[in-house]
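Here is a short report on one structure. Look it over first, then read on.

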Amino acid sequence: MMSLDYRTAFDLAPIGLILSEQRIIRDCNQHVLAMFEAEREQLIGQSFELLYPSPAEFQRTGERILASLDAEGYYADDRIMKRAGGQLFWCHVTGRALQREDPHASGIWSFEDLSSHRQLTATLTAREREIAALLIDGLTSKLIGKKLGISPRTVDVYRARLMKKYEAATTPELVHKLLMA
């Protein structure tokens, strides 16, 4: 019988796990490597930026994490991430800052690949991806605007673009199509 220890539990966990310092990947488990289709050497010591569709999304997500941590230092969202080969996919990310006063200093992050039930069916811009993720979370234009530092009217313009791309007549229909796509 195999002896279980924390390292084994981390490596074989059924969800992707990453330990980070200053948004640098310090350790990750096998599930992360499979999900991002990467070799360990491609991720360890690298910036989380390589897992994002664009540098701007990496930057804005980092700012959003700082602004949105709860009192215990937790953060969660659904976002579009990028595999090593460049393929984009929906991912649920949950994290915890280990130092609440300096959230990026160190943290532990879990990643769940949502692509088995949520496919990207349209080509989206970086901002459209961010707004789509926040619409799925049920946020209003005003709250999305506040979270992203843009006007609610700008959010409405992007929502209209998404509705056209997904051929949705209403916001609930758009959210449904984003979730079921």
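Gln22 has 48% relative accessibility, so it counts as partly exposed. The class "partly exposed" lies between buried, under 20% relative accessible area, and exposed, over 50% (1.4 Å probe, protein chains only). This is a predicted model, where local features need pLDDT of at least 70, side-chain atom pairs count only at pLDDT 80 or more, and totals for chains, interfaces and linings use all residues. Residues are numbered from 1 along each chain as its sequence is written, and side-chain values use heavy atoms, with hydrogens and water left out.

Gln22 sits in the loop between strand E1 (16-21) and strand E2 (24-28). Helices (H or I, at least four residues) and strands (E, at least two) are DSSP runs, numbered from the N terminus. The phi of Gln22 is positive, near 50 degrees, and Gln22 is not a glycine. Most residues other than glycine have a negative phi.

Glu167 also has a positive phi, about 50 degrees, without being a glycine. Its loop runs between helix H7 (152-165) and helix H8 (171-180).

| Residue | Relative accessibility | Class |
|---|---|---|
| Gln22 | 48% | Gln22: partly exposed |
| Glu167 | 65% | Glu167: exposed |
| Leu19 | 31% | Leu19: partly exposed |
| Arg127 | 16% | Arg127: buried |

Leu19 belongs to strand E1. Together with Leu98 and Ile108, Leu19 makes a nonpolar surface patch of about 220 Å². Patches take residues with over 30% relative accessible area and no salt bridge; like charges are joined within 9 Å, nonpolar side chains (Val, Leu, Ile, Met, Phe, Trp, Tyr) within 5 Å. A salt bridge puts a side-chain nitrogen of Lys or Arg within 4 Å of a carboxyl oxygen of Asp or Glu. Accessible areas come from the Shrake-Rupley method with a 1.4 Å probe.

Which residues of H8 are buried? They are Leu174, Val175 and Leu178. Seen down the axis of H8, these buried residues fall within an arc of 100 degrees, so they line one face of the helix. The arc is taken from the directions from the helix axis to the C-beta atoms. On the other side of H8, Pro172 and Met180 are exposed. The buried residues of H8 pack against H5 and H7. At the start of H8, a side-chain oxygen of Thr170 comes within 3.1 Å of the backbone nitrogen of Glu173.

Arg127 lies in helix H5 (residues 126-136). Leaving aside residues up to four places away in sequence, Arg127 touches Arg60, Leu148, Ile150 and Tyr158. Contact here means heavy atoms within 4.5 Å.

Terms used:
A polar contact is a pair of N or O atoms within 3.5 Å; within protein, one must be able to donate a hydrogen and the other to accept it, and residues adjacent in sequence count only if both atoms are side-chain atoms.
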